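Try each task before you read its solution.

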Amino acid sequence: VVATPGAEKPVHTITCVGRLTGRTKRQHLLVEAFSKLAKDYPDWQVKLWGDTYDKPYVASLKAKIKKWGLEKQVFICGTTKDMDAVWKETDIFAFPSHHEGFPLALTEALSCGIPAVGYKNCPAVNELIQDGQNGLLCKDGVESLAAALKLLMNDRNLRKQYGSVAMTMAETYHADKVWSQWEALLKKL
């Protein structure tokens, strides 16, 4: 799947993929950051994709969405088996995680040509997102996340440029390359 993050379209989408949980994924930071931008960007929306098993956290997210009047722009979408459709509509991948091992959703988004925004202090995220090349790394917190999102929301050419670089960089993790590296290592041993 190849996304078109620089395309002209009536609605632009910021996507976050991961189980909805406050301790690790911290989608509430994305909702709050977007709340600072939403009025100025009525043609932008945020879609939160992922398992909603953490009912208290999901309830708190819904309360924040309502508190800031974002019901028509921020959506809790649950899970899907059609990630191709999700990636096709995504213009920016936002990943406010505190820590990660090897974030598959981020890797997938980058491989589809989607620029990403994450935190500098988040392990693994700060290795996959190369600041100023395939996305933006910002300081932990709401204000810097909002500023990074705004920069990409304002500049479709930058989204396109970062997305193109993201796709090229993500080729490193393509299954064929990884399997051949494993095979070479096993033969060597």
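**Exercise 1.** Find how strands β2 and β3 pair, and over how many bridges.

*Solution.* Strand β2 and strand β3 (residues 74-78) are joined in the parallel sense by four bridges; pairing requires at least two bridges found by DSSP. Strands are DSSP E runs of at least two residues and helices are H or I runs of at least four, numbered from the N terminus. Next, look across from Trp49: Gly78 in β3 stands opposite. Finally, follow the chain: β2, helix α2 (residues 55-67) and β3 form a right-handed β-α-β unit, meaning that, with the strands pointing away from the viewer, the path from the first strand over the helix to the second runs clockwise.

A note before going on: this is a predicted model, where local features need pLDDT of at least 70, side-chain atom pairs count only at pLDDT 80 or more, and totals for chains, interfaces and linings use all residues. Residues are numbered from 1 along each chain as its sequence is written, and side-chain values use heavy atoms, without hydrogens and water.

**Exercise 2.** Work out which strand joins β2 through six bridges.

*Solution.* Strand β1 (residues 12-17) runs parallel to β2, with six bridges between them. His12 lies opposite Trp44 in β2. With helix α1 (residues 27-35), β1 and β2 make a right-handed β-α-β unit.
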